[in-house]
Amino acid sequence: MELEECYEIIGGDYYNVIRRLKKEERIEKYMRLFVKDTSYDNFIEYFQKEDFKEAFRMIHSLKGICINLSFDKLGQVAGEITELLRNDDANTNLVKELIPRLKSEYSKTVGGIMAYMNEK
């Protein structure tokens, strides 16, 4: 599998990330770091504990990583959740409705990255 194909699978923008990071080796380095990053797991944990301030911090971090790596589909849902949690009067019911989509996109992204890395 080529890196461009991996990006198609995960719903990312290969051309944007290659324009920004210049080399596939650099992108691969950050992809390896992404699968080790704990922002997603921490977001789920803090949200379940109703620590919405920390949940916001974690989802905001995940959104930023997705923007930098052009993981567009995952970044989009992370961004929607970020905005819902941004204020003290967060709409947690809407966040709960978005979590299955977040989980699905996260799984698809990590799965695509792992498939790509395993073929290298």
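At 31% relative accessibility, Lys 108 counts as partly exposed. In the terms used here, buried means under 20% relative accessible area, exposed means over 50%, and partly exposed is in between (1.4 Å probe, protein chains only). The model is predicted: local features need pLDDT of at least 70 and side-chain atom pairs count only at pLDDT 80 or more, while totals for chains, interfaces and linings use all residues. Residues are numbered from 1 along each chain as its sequence is written, and side-chain values use heavy atoms, with hydrogens and water left out.

The side chain of Lys 108 meets that of Glu 105 in a salt bridge, with an N to O distance of 3.5 Å. A salt bridge here is a side-chain nitrogen of Lys or Arg within 4 Å of a carboxyl oxygen of Asp or Glu. Lys 108 and Glu 105 are three residues apart in helix α7, so about one helical turn separates them.

Ser 107 is partly exposed, at a relative accessible area of 48%. Its C-alpha atom is separated by 19 Å from that of Glu 2, a residue 105 positions away along the chain.

## Other salt bridges

The structure holds five salt bridges. One of them joins Arg 57 to Glu 54, with the closest N and O atoms 2.9 Å apart. Both residues lie in helix α5, three residues apart, about one turn of the helix. Arg 57 is partly exposed, with a relative accessible area of 49%.

Another salt bridge is formed by the side chains of Lys 49 and Glu 45, at 2.9 Å from N to O. Lys 49 is exposed, with a relative accessible area of 57%, whereas Glu 45 counts as partly exposed at 35% relative accessibility.

## Overall fold

The protein has seven helices and zero strands. Read from the N terminus, its elements run α-α-α-α-α-α-α. The radius of gyration is 15 Å, close to the 14 Å that the globule rule gives for 120 residues, so the protein is as compact as a globular protein of that length. That radius is taken over C-alpha atoms, and the globule rule is 2.2 Å times the number of residues to the power 0.38. Helices (H or I, at least four residues) and strands (E, at least two) are DSSP runs, numbered from the N terminus.

Taken along the principal axes, the C-alpha atoms fill a box of roughly 45 × 25 × 20 Å. Of the 120 residues, 42% count as buried.

## Loops between the helices

Glu 50 lies in the loop between α4 (39-48) and α5 (52-69). Although Glu 50 is not a glycine, its phi is positive, at about 65°. Glu 50 is exposed, with a relative accessible area of 57%.

Ser 70 lies in the loop between α5 and α6. The phi of Ser 70 is near 60°, a positive value in a residue other than glycine. In contrast to the exposed Glu 50, Ser 70 is buried, with a relative accessible area of 0%.

Asp 88 lies in the loop between α6 (72-85) and α7. At 88% relative accessibility, Asp 88 counts as exposed. The C-alpha atoms of Asp 88 and Phe 52 are separated by 8.6 Å, with the two residues 36 apart along the chain.

## Charged surface patches

A patch of positive charge on the surface gathers Arg 19, Arg 20, Lys 22, Lys 23, Arg 26 and Lys 29. The elements that give two or more residues to this positive patch are α2 (14-21) and α3 (24-36). Arg 26 lies in helix α3 and is partly exposed, with a relative accessible area of 36%.

A patch of negative charge on the surface gathers Glu 2, Glu 5, Glu 8 and Glu 119. Glu 119 has its place in helix α7 (residues 92-119). Patches are made of residues with over 30% relative accessible area and no salt bridge; like charges are joined within 9 Å, and nonpolar side chains (Val, Leu, Ile, Met, Phe, Trp, Tyr) within 5 Å. Lys and Arg count as positive and Asp and Glu as negative, while His and the chain ends are not counted. A charge is placed at NZ of Lys, CZ of Arg, CG of Asp or CD of Glu. Accessible areas come from the Shrake-Rupley method with a 1.4 Å probe; for residues, only the protein chains shown count as cover.
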